[in-house]
Amino acid sequence: QNTFLGKDLCEYPCTSGEFLYWNGDCEATCDDPPHTQTAVHGETLCEHPCSNVGEFAYWDGSCETECLSILTRTVDKDKLYCEWPCTGADFRLFDGTCTATCNAPYT
């Protein structure tokens with residue numbers, strides 16, 4: 001906050017090219033999805049996709065109240081995420097492992 005000729009101003013705390021996160025952090029990147037990049041008055045915000053407390057943000061930007069146990073639960077900047085634990089196009093098995101192919105008896 002600042003003042004100009006006796007009037008209160010809200011200032012953008014980030015440097016040029018940085019994204020302002022909901023908690024006030026400034027970072028060089030904003031993963032989209034799951035986040036949404038929004039320009040407001042020429043400044044760039046990085047917004048969490050979930051508006052309800054307790055919802056998990058998924059890798060595709062959707063929001064759910066549950067996160068299956070085969071997925072990875074994380075918390076960042078006081079927000080919940082449900083992440084795909086496998087790399088690339090790997091398949092996830094219910095025993096918690098990742099595999100490049102989906103062999104029998106799996107389909």
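**Close-up views of a predicted model**

**View 1. Asp25, Glu27, Asp76 and Lys77 are joined in a network of salt bridges.** The structure shown here is a predicted model. A search of the whole structure finds 3 salt bridges. One of them pairs Lys77 with Asp25, with 3.9 Å between the closest N and O atoms. This pair connects distant parts of the chain, since Lys77 lies in the loop between β9 (72–76) and β10 (79–83) and Asp25 in the loop between β3 and β4, 52 residues apart. In another salt bridge, the side chain of Lys77 meets that of Glu27, at 2.5 Å from N to O. Here too distant parts of the chain are linked: Glu27 belongs to strand β4, Lys77 to the loop between β9 and β10, and the two are 50 residues apart. Lys77 also forms a salt bridge with Asp76, where the closest N and O atoms are 3.7 Å apart.

View 2. Is Lys77 buried or exposed? Lys77 has a relative accessibility of 14% and therefore counts as buried, because the limit for a buried residue is under 20%. Asp25, at 32% relative accessibility, counts as partly exposed. Glu27 is likewise classed as partly exposed, with a relative accessibility of 26%. Asp76 has a relative accessible area of 38% and is partly exposed.

**View 3. Four strands form an open sheet in the order β4-β3-β6-β5.** The pairing of these 4 strands is mixed. Which strands stand at the edges? The edge positions are taken by β4 (26–27) and β5 (36–40); each has a single partner strand, so one side of each is left without a neighbour in the sheet. Strand β3 (residues 19–21) and strand β6 (residues 43–47) run parallel and are joined by 2 bridges. Tyr21 has Cys46 in β6 as its bridge partner.

**View 4. The largest nonpolar core consists of 6 residues.** Its members are Phe56, Tyr58, Cys67, Ile70, Leu71 and Cys82. In soluble globular proteins, nonpolar side chains tend to be buried together. Ile70, one of the core residues, also touches Pro85, Arg92 and Phe94, when residues up to four places away in sequence are not counted.

**View 5. Thr97 is located in the loop between β11 (91–92) and β12 (98–99).** With a relative accessibility of 36%, Thr97 counts as partly exposed. Which residue makes a polar contact with the side chain of Thr97? The partner is Asp95, whose side chain takes part in this contact at 2.7 Å. When neighbours within four places in sequence are left aside, Thr97 is in contact with Phe91 and Arg92. Arg92 is also among the residues touched by Ile70. Thr97 and Pro85 are separated by 12 residues in sequence, and their C-alpha atoms are 9.0 Å apart in space.

Definitions and conventions. Residues are numbered from 1 along each chain as its sequence is written. This is a predicted model: local features need pLDDT of at least 70, side-chain atom pairs count only at pLDDT 80 or more; totals for chains, interfaces and linings use all residues. Side-chain values use heavy atoms; hydrogens and water are left out. A nonpolar core is a set of buried Ala, Val, Leu, Ile, Met, Phe, Trp, Tyr and Cys residues joined through side-chain atoms within 4.5 Å. Buried means under 20% relative accessible area, exposed over 50%, partly exposed in between (1.4 Å probe, protein chains only). Contact means heavy atoms within 4.5 Å. A polar contact is a pair of N or O atoms within 3.5 Å; within protein, one must be able to donate a hydrogen and the other to accept it, and residues adjacent in sequence count only if both atoms are side-chain atoms. Two strands pair if DSSP finds at least two bridges between them. A salt bridge is a side-chain nitrogen of Lys or Arg within 4 Å of a carboxyl oxygen of Asp or Glu.
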